[in-house]
Amino acid sequence: MTQSKAQIFNITLNILGVSMPLENGNSTDNRAILLNNYYELARDYVLKDFDWNFASTFKELALCENPVSQFQYKYCYNYPNDCICTRDVFRKNSYAIEKYSISSLSNGQKVILCDVENAILRYTRRVEKEIFFSCEFAMALSYYLASLTANVLVGSIQKGEIAYEKYNQLIKRAKVLNAQEGVETIDDELTYLDSRG
């Protein structure tokens with residue numbers, strides 16, 4: 001099932017005990033305006049808070065045009081525009097995770113520093129289209145939005161605190177569900193056949 005912004009907003013309102021739904025996420029309704037004020041920051045926060053499979057991607061990094069030599073690392077790479085959170089740096093054609101650091105140049109440009117030539121970055125990318133959200137992410141985002149807006153929408157700090165506790169529980173559960181979608185090691189076929197005998 002695909003999600004929409006209106007669906008996420010309506011789940012957020014339901015969490016806070018508001019039963020009257022919004023028709024769409026960009027309406028002129030005061031509730032929609034308030035939720036939209038928080039939406040992008042909340043979405044990016046929840047993306048950064050956990051290494052979601054649906055938002056994970058790899059990219060070969062591009063060297064900075066004007067690297068600064070005083071850094072303690074050999075290489076200075078551009079930070080990808082769609083990067084919400086860096087996760088791992090690899091050497092090309094290698095699975096070994098390398099040491100790296102995030103910094104910025106004097107002009108404010110964000111950079112990735114490491115001692116790896118031809119570095120590959122695994123990172124969480126900014127996903128803006130709700131149809132690509134996993135259901136676990138959409139629920140977590142709804143609870144996080146509820147925690148941020150509870151006081152203004154329904155005048156209850158307590159409901160916001162309860163929503164934030166539930167958000168943290170959903171993140172813990174998402175870690176389990178995320179882990180079930182991949183295979184870390186593949187058993188040798190002979191080992192499997194031997195175990196059957």
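Q: Which residues is Thr-12 in contact with, leaving aside its neighbours within four places in sequence?
A: In this predicted model, Thr-12 is found in helix α1, which spans residues 5-15. Once the neighbours within four places in sequence are set aside, the residues in contact with Thr-12 are Leu-35, Ser-142, Leu-145, Ala-146 and Thr-149.

Q: Does Thr-12 count as buried or exposed?
A: The cut-off that matters here is that buried means under 20% relative accessible area. Thr-12 has a relative accessibility of 0%, and therefore counts as buried.

Q: What distance separates the C-alpha atoms of Thr-12 and Met-139?
A: Thr-12 belongs to helix α1, whereas Met-139 falls 127 residues away from Thr-12 along the chain.

Q: Which residues is Leu-170 in contact with, apart from its neighbours within four places in sequence?
A: Leu-170 is found in helix α4, which covers residues 157-179. The C-alpha atom of Leu-170 is separated by 7.4 Å from that of Glu-136, a residue 34 positions apart from it along the chain. With the neighbours within four places in sequence left out, the contacts of Leu-170 are with Met-139, Ala-140 and Tyr-143.

Q: In what order do the strands of the open sheet of 4 strands lie?
A: The edge strands of this sheet are β1 (56-60) and β4 (97-98), each of which pairs on one side only. Strand β1 is joined by 5 bridges to strand β7 (residues 119-125), and the two run antiparallel. The pairing in this open sheet is antiparallel, and the order of its strands is β1-β7-β3-β4.

Q: Which residue stands opposite Lys-59, and in which strand?
A: Strands β1 and β7 are antiparallel and are joined by 5 bridges. Lys-59 stands opposite a residue of β7, namely Leu-121.

Q: What angle does the direction of α2 make with that of β3?
A: Helix α2 packs on the sheet, where it touches both β3 (83-91) and β7. The direction of α2, taken against that of β3, makes an angle of about 30°.

Q: Why is one side of β2 and of β5 left without a neighbour in the sheet?
A: These strands belong to an open sheet of 3 strands, ordered β2-β6-β5 with antiparallel pairing. Strands β2 (75-78) and β5 (100-104) stand at the edges, so one side of each is left without a neighbour because each has a single partner strand.

Q: Over how many bridges do β5 and β6 pair?
A: Ile-102 stands opposite Ile-112, a residue of β6. Strand β5 and strand β6 (residues 110-114) pair in the antiparallel sense, and the number of bridges is 5.

Q: What is the distance, centre to centre, between the rings of Tyr-45 and Tyr-144?
A: A search of the whole structure finds 13 aromatic pairs. The one formed by Tyr-45 and Tyr-144 is stacked, with 5° between the planes, and the distance centre to centre is 4.5 Å.

Q: Which helices does the pair of Tyr-45 and Tyr-144 link?
A: Tyr-45 is partly exposed, with a relative accessible area of 34%, whereas Tyr-144 counts as buried at 10% relative accessibility. The two residues are 99 residues apart, and their pair links distant parts of the chain, namely helix α2 (residues 30-49) and helix α3 (residues 135-154).

Q: Which ring does Lys-110 lie over?
A: Lys-110 lies at 4.4 Å from the ring centre in question, over the face of the ring. The residue that carries this ring is Tyr-79.

Q: What percentage of the residues of the chain count as buried?
A: The accessible surface of the chain comes to about 12,300 Å², with 48% of it belonging to carbon and sulfur atoms. Of the 197 residues of the chain, the share that count as buried is 40%.

Technical notes:
Residues are numbered from 1 along each chain as its sequence is written. This is a predicted model: local features need pLDDT of at least 70, side-chain atom pairs count only at pLDDT 80 or more; totals for chains, interfaces and linings use all residues. Side-chain values use heavy atoms; hydrogens and water are left out. Contact means heavy atoms within 4.5 Å. Buried means under 20% relative accessible area, exposed over 50%, partly exposed in between (1.4 Å probe, protein chains only). Accessible areas come from the Shrake-Rupley method with a 1.4 Å probe; for residues, only the protein chains shown count as cover. Two strands pair if DSSP finds at least two bridges between them. Rings of Phe, Tyr and Trp (its six-membered ring) pair if their centres lie within 6.5 Å; planes under 30 degrees apart count as stacked, over 60 as edge-to-face and the rest as tilted. A charge sits over a ring if NZ of Lys or CZ of Arg is within 6 Å of the ring centre and within 35 degrees of the ring normal. Axes are lines fitted to C-alpha atoms, for helices over the stretch in contact, and angles run from 0 to 180 degrees between N-to-C directions.
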